[in-house]
Amino acid sequence: MDVARRNNVTVAGDPQAPPVVLAHGFGCDQNMWRATVPALARDHRVVLFDYVGSGRSDPAAFSEGRYSSLDGYARDAVEVCEALDLRDAVFVGHSVSAMIGVLAARTAPERIGALVMVAPSPRYLDDDGYRGGFDAADIDELLVSLESNYLGWSAAMAPVIMGNPDRPELGDELRNSFCATDPDMARVFARTTFLSDCRDDLKSVRVPTLVLECAQDVIAPREVGAYVHAAIPGSTLVTLDATGHCPHLSAPEATNEAITGFLAGLR
């Protein structure tokens, strides 16, 4: 299996430096990290990849059975680390990839030595005593809309997810990223993402962890960031002065400063 081709793996920075893996969220690809790579590549080996079904990954490798669970995406991440023989990598995961990183670190603790969780959510659905940001009707409506008219859903939801209406080019970029994803593969990833419940998995985290939340985020409200921080002993919570669910695009300087500060503390 050629993992590098399957997941469109790219590497930047010093090949001898400590490794950092950047993992994108639903409907995105590794290009979403372009404002972060230069800040990390000065002192790290930066590894980027696309999950199967996203970006320039090999669509022939897609399996609905595998990718109907976050474990399937975690296997992608672990296999990328194994293919490059990464040890003690820092896994930086955006949105659902924050939880994928939790699963990957549990599966291959020798490969992943720290986590950075950018706008994480262990469960999007509200529950007794837990606010995820969506009720059951919200999730049902979202998935029905996505599955019946993916391009229309992308056009409507991208600006909401991105926030920053004063910078419509950001919403346009996210919409274009959504629209570049195969609708059938996106449907599987969306169901896997929005119906997941990884709250119990947070208890397994035993590595240094940075939780980055945005001051305003309709997808992962601040109650979620507080929950993740409380569930991971010793984690650090940083609230970025940022709006929307994609701070690495809307507020890259603040995001990069938080990540590089955390990385410096690991040395």
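1. A residue is called buried here when its relative accessible area is under 20%, exposed when over 50%, and partly exposed in between (1.4 Å probe, protein chains only). E213 is buried by that criterion, with a relative accessible area of 4%, and E213 is found in strand β6, where helices (H or I, at least four residues) and strands (E, at least two) are DSSP runs numbered from the N terminus.

2. The model is predicted, so local features need pLDDT of at least 70 and side-chain atom pairs count only at pLDDT 80 or more, while totals for chains, interfaces and linings use all residues. Residues are numbered from 1 along each chain as its sequence is written, and side-chain values use heavy atoms, with hydrogens and water left out.

3. The side chain of E213 makes polar contacts (a pair of N or O atoms within 3.5 Å; within protein, one must be able to donate a hydrogen and the other to accept it, and residues adjacent in sequence count only if both atoms are side-chain atoms) with the side chain of R222 at 3.2 Å and with that of T239 at 2.5 Å. Leaving aside neighbours within four places in sequence, E213 is in contact (heavy atoms within 4.5 Å) with R222, G225, A226, L237, V238, T239 and L240.

4. Seven strands form an open sheet of mixed pairing, in the order β1-β3-β2-β4-β5-β6-β7, two strands being paired if DSSP finds at least two bridges between them. Strands β1 (10–13) and β7 (236–243) stand at the edges with a single partner strand each, so one side of each is left without a neighbour in the sheet. Strands β2 (residues 19–23) and β3 (residues 45–48) run parallel and are joined by four bridges, with P19 opposite R45 in β3.

5. Helix α5 (residues 96–107) lies across β2, β4 (89–94) and β5 (112–118), and runs at about 165° to β5; axes are lines fitted to C-alpha atoms, for helices over the stretch in contact, and angles run from 0 to 180 degrees between N-to-C directions. Helix α10 (residues 222–231) also packs on the sheet, touching β5, β6 (209–216) and β7, and its direction makes about 165° with that of β6.

6. Helix α7 (residues 150–162) bends by about 30° at A156, with a proline, P159, following within four residues; the bend is the angle between axes fitted to the seven residues ending there and the seven starting there. Its buried residues include W153 and M157, and their cover includes α6 (136–148) and α8 (168–179). Just after α7, G163 takes a positive phi of about 70°.
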